[in-house]
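Me: I am new to this structure and would like a close look at a single part of it. Please take the salt bridges and go through them one by one.

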Amino acid sequence: MSVKLPTRVFDPSYGRRVIERRAWSCLQRCRKSLGLDQIPLPIPVEQWIESPLEFHFGFADLSYLGDGVLGATFIREREILIHEGVTDHEGRCRFTCAHELGHMLLHSSVRTEFHETNDLGPGSNDVVEREADRFAAAFLMPLPLVEAEIVKVFDDCRMDRVQCTWELMQTTRESEWMWRKLLLPVLTRRFGVSLSTAINRCNDIEPRIPSPRPLLPAEFVEALLHRSARGDELEAIRLRNGVPQYADLFTEQAS
Amino acid sequence: MALRRSQNPEPSIGDIIRRRRVEVLKKGLREMARELTIAPAHLTDIEKGRRTPSEGLLKRISAAYGIGEAELRAAWSKADEVVQEVATQDTMSAEKVPQFLRTARKLNAEQWDQLIRQAEQMAAGKTRKERR
């Protein structure tokens, strides 16, 4: 497949690039088919499954398929069903839709039926389910658009793009402040995803520049889901010359 | 990735409302279900022909989708409430209304309009008589 991701700053981590391109290719075909200039955010995954992708779609009680089943894909019937219990959880529901779409587009030769359960996720051992998860993340949070949003956050706050991108990769309180207070709230809102989906997605991204570190420090992946251990320290972070700094440093630098 | 179009020559009412929702109104199942104040699974069942809507929901679907109530009633074989009400208001009506409807089964639109005008005149005449 000759699809290129129009990114300038970030790349998907190695090993995820094929799925990344499949998701991007699907998004572009939907956009063109609907005559849109841009991909709208949040990506209307439920509508696009029905049109233009033309799969049968619906919500139903899927408890007959087993405990904890959130979604199901029936390849021959070209049908995706989502469990009625997840309809009120916006992020979970959208992710399940995109996950099932991943099965439909990637795995038609693997099995004829797929069920997603609560047990699965980024840590799943099932390769097929992991691929569907990666497709869902790439479909809901396409890398070129994530990159554009991050750059926009920096620009809107008049932050230094290069210094702040570098800072993001560190495990400092300034980096944690940027992730917690600036980026993750914007990314979850703009892309219509849960906090854990946004964190996992950022964990899949690498800076294009040669770097010994991933964009999201490994120490933050789990920690960002919970309250910060740094507590009030984050409240004392302020922007100075376009770069976040701990307030105590102001006086130090001034003197 | 194939973008397929189904070729069903006579779509069901479920297909018709689904297509209208997706292609004209451009709304997702959850969004439309919220507007109709029903569960998304309920709307799924209606679109797939597994359930028919209640009287109130049929009216809400008519308004939200911009499809005439009569078209929906015909498709779901659901008579207007007034038919049930008139047909069961007393013993005479319970006997005569079905008899009348069986007789009028094959009337065309113009004949129905004539019949309605006659019924209106008869009803008006009865009212005048009652007033005297």
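Reply: A residue counts as buried under 20% relative accessible area, as exposed over 50%, and as partly exposed in between. The model is predicted. By that scale Arg19(B), with a relative accessible area of 24%, is partly exposed. Its salt-bridge partner is Glu23(B), with N and O 2.1 Å apart. Glu23(B) is partly exposed too, because its relative accessible area is 35%. Both residues belong to helix H1 (residues 13-24) of chain B, and since they are four residues apart, about one helical turn separates them.

A second salt bridge joins Glu55(B) and Arg73(B), whose closest N and O atoms are 2.4 Å apart. Glu55(B) lies in helix H4 (residues 55-65) of chain B and Arg73(B) in helix H5 (residues 69-76) of chain B, so this pair ties together parts that are 18 residues apart in sequence. Glu55(B) counts as buried because its relative accessibility is 17%. Arg73(B), at 8%, counts as buried as well.

Arg73(B) also meets Glu69(B) in a salt bridge, at 2.9 Å from N to O. These two residues lie four apart in helix H5 of chain B, about one turn of the helix. Glu69(B) is partly exposed, because its relative accessibility is 28%. Through shared partners, salt bridges join Glu55(B), Lys59(B), Glu69(B) and Arg73(B) into one network. Over all chains, the structure holds 19 salt bridges.

Note on methods
Residues numbered from 1 in each chain as written. Chains lettered and ligands numbered in written order. Predicted model: local features only at pLDDT ≥ 70, side-chain atom pairs only at ≥ 80, totals over all residues. Heavy atoms only, no water. Salt bridge = Lys/Arg side-chain N within 4 Å of Asp/Glu carboxyl O. Buried < 20%, exposed > 50% of the residue type's maximum accessible area, 1.4 Å probe, protein only.
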